[in-house]
Amino acid sequence: MKEKVNEIKSRIKIDLNVDDLNILNDIKTKYIGKKGIITELSSMLKEVPSEERKSFGMMLNEVKILFNDTYESKKQELEEALINKKLESEKVDVTLPETDITIAPAHMVERVIEDLEEFFISMGYQVVEGPEVEKDLYNFELLNLPKGHPARDAQDTFYIKNDEILLRSQTSPVQVRTMLANQDKTPIRIICPGKTYRRDYDDASHGHQFTQIEGLVVDKDISLAHLKGTLDAMARHMFGPNCVTRFRPSFYPFTEPSVEYDMSCFNCGGKGCNVCKNTGWVTIGGAGIVHPNVLKNCGYDNEVYTGFAFGFGVERMTMLKYGINDLRVLYTNDLRSLDAFRRKDV
Ligand code: DAH
């Protein structure tokens, strides 16, 4: 028995001298696993005559310690080697030239929206959003556009479910939602930016999806003068201190009276150029005094409350601001043209 232990002892270092962690583990099993040679010798301890048992036990213990120590240090050595090999293969060459990463600025349409949001917030407005999938009730009906009304033709859109659920053709339904939700009739001053949809053929000035900003003020004694002052302030903010607006009579079912509003051409200052088609004015959007029927539909006493509303296309405003003559530049996302136009900001 003792010879066997000695023999094992002499083999430990040789056997454990391997260069692979898996093999090392196999050897561990061979020595001290359930059926390992050291394990088996230990179980035979009770068969050793009692006078030799103590010294044999001590021998066996020494072998065990030798095995464990040798195993642990080999294991550590192999693990370190593995990590070093990995580090070597993942080495980063810090002398290589850096990659040119540019962080893209926000899209021009988004910048115009954010700029106008800040402007209106500074005048005490709140920014409100509404769903793009809208009820016919809010997009048309409560805005004084009953089914069959001819003014619906200009706003034909995409229907989702029967005639009742559609992609909103304008941001005006957010007016309705806001008024209906305002139970205690506190003054309303909101703008609603968002996507809108129409059944339109895409060309240089039309898109089946575009962005609008809607404005609504409801309070007591609101007049066209307030509307004019507000739109003048917005024009000056967008196009400089000399920009003015003008109203032209128009028709919208949700406002009475209704107007279309133009801004004096920022490009020629009103003298006439190709941007304003020699008229000195550029058309921006529609507006008016909220129709009494709309106030009533939304739970307001139209003898007590009045309001003004306006709406315009953000893409159009963006095109004017950045001198873009084709709407498609804004959504085809050719980075070269987007980049060329937005350089005007810096
Ligand atoms: N919703 C109209 C459109 O898409 C624009 C508009 C006109 C909005 C007059 C208004 C308004 O709030 O009062 O053509």
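I take buried to mean under 20% relative accessible area. By that cut-off Glu134 is buried, because its relative accessibility is 1%. The model I am reading is predicted.

**Salt bridges**

I searched the whole structure and got 17 salt bridges. I began with Glu134, which bridges to Arg177 with the closest N and O atoms 2.9 Å apart. This pair links distant parts of the chain: Glu134 sits in strand 2 (residues 133–135) and Arg177 in helix 7, 43 residues apart. Arg177 is partly exposed, at 31% relative accessible area.

Next I looked up Arg152. Its side chain meets that of Asp136 in a salt bridge, 2.9 Å from N to O. Arg152 lies in the loop between helix 6 and strand 3, and Asp136 lies in helix 6, so the pair ties together parts 16 residues apart in sequence. Arg152 and Asp136 are both buried.

I then went to Glu141 and Lys147. Their side chains form a salt bridge at 3.8 Å, N to O. Glu141 is partly exposed at 31% relative accessibility. Lys147 is partly exposed at 42%. I traced shared partners from here. Asp136, Glu141, Lys147, Arg152 and Glu164 are joined by salt bridges into one network.

Which order do the strands take? I read 1-5-6-10-9-8-7, an open sheet of 7 strands with mixed pairing. Strand 1 (126–127) and strand 7 (245–252) are at the edges; each has a single partner strand, so one side of each has no neighbour in the sheet.

I followed strand 9 (residues 281–290) in detail. It pairs with strand 8 (residues 255–264) in the antiparallel sense, over 8 bridges. In this pairing I found Tyr261 opposite Gly285 of strand 9. Asp262 stands opposite Thr283, also in strand 9. On its other pairing, strand 9 runs antiparallel to strand 10 (residues 306–313) over 5 bridges. There Ala287 faces Phe310 of strand 10.

Is strand 9 enclosed or open? I count it as largely enclosed by the rest of the structure, because 8 of its 10 residues are buried.

I looked for a cis peptide bond and noted the one from Glu256 to Pro257, with omega near -5°. Pro257 belongs to strand 8.

I also noted positive phi values. Asn144 has a phi of about 75°, although it is not a glycine. I placed Asn144 in the loop between helix 6 (136–139) and strand 3 (159–161). Asn144 is buried, with a relative accessible area of 18%.

Lys185 has a positive phi as well, near 55°, and is likewise a residue other than glycine. Lys185 lies in the loop between helix 7 (173–181) and strand 5 (188–197). At 22% relative accessibility, I log Lys185 as partly exposed.

I looked up a negative surface patch and found Asp69, Glu72, Glu79 and Glu80 forming it. Glu79 lies in helix 4 (residues 50–89). Its relative accessible area is 35%, so I call Glu79 partly exposed.

My last stop was Leu21, in helix 2 (residues 21–32). Leu21 is partly exposed, at 26% relative accessibility. I checked its separation from Gln76, 55 residues away along the chain: the C-alpha atoms are 9.7 Å apart.

Technical notes. Residues are numbered from 1 along each chain as its sequence is written. This is a predicted model: local features need pLDDT of at least 70, side-chain atom pairs count only at pLDDT 80 or more; totals for chains, interfaces and linings use all residues. Side-chain values use heavy atoms; hydrogens and water are left out. Patches are made of residues with over 30% relative accessible area and no salt bridge: like charges are joined within 9 Å, nonpolar side chains (Val, Leu, Ile, Met, Phe, Trp, Tyr) within 5 Å. Accessible areas come from the Shrake-Rupley method with a 1.4 Å probe; for residues, only the protein chains shown count as cover. A salt bridge is a side-chain nitrogen of Lys or Arg within 4 Å of a carboxyl oxygen of Asp or Glu. Lys and Arg count as positive and Asp and Glu as negative; His and the chain ends are not counted. The place of a charge is taken as NZ of Lys, CZ of Arg, CG of Asp or CD of Glu. Helices (H or I, at least four residues) and strands (E, at least two) are DSSP runs, numbered from the N terminus. Buried means under 20% relative accessible area, exposed over 50%, partly exposed in between (1.4 Å probe, protein chains only). Two strands pair if DSSP finds at least two bridges between them.
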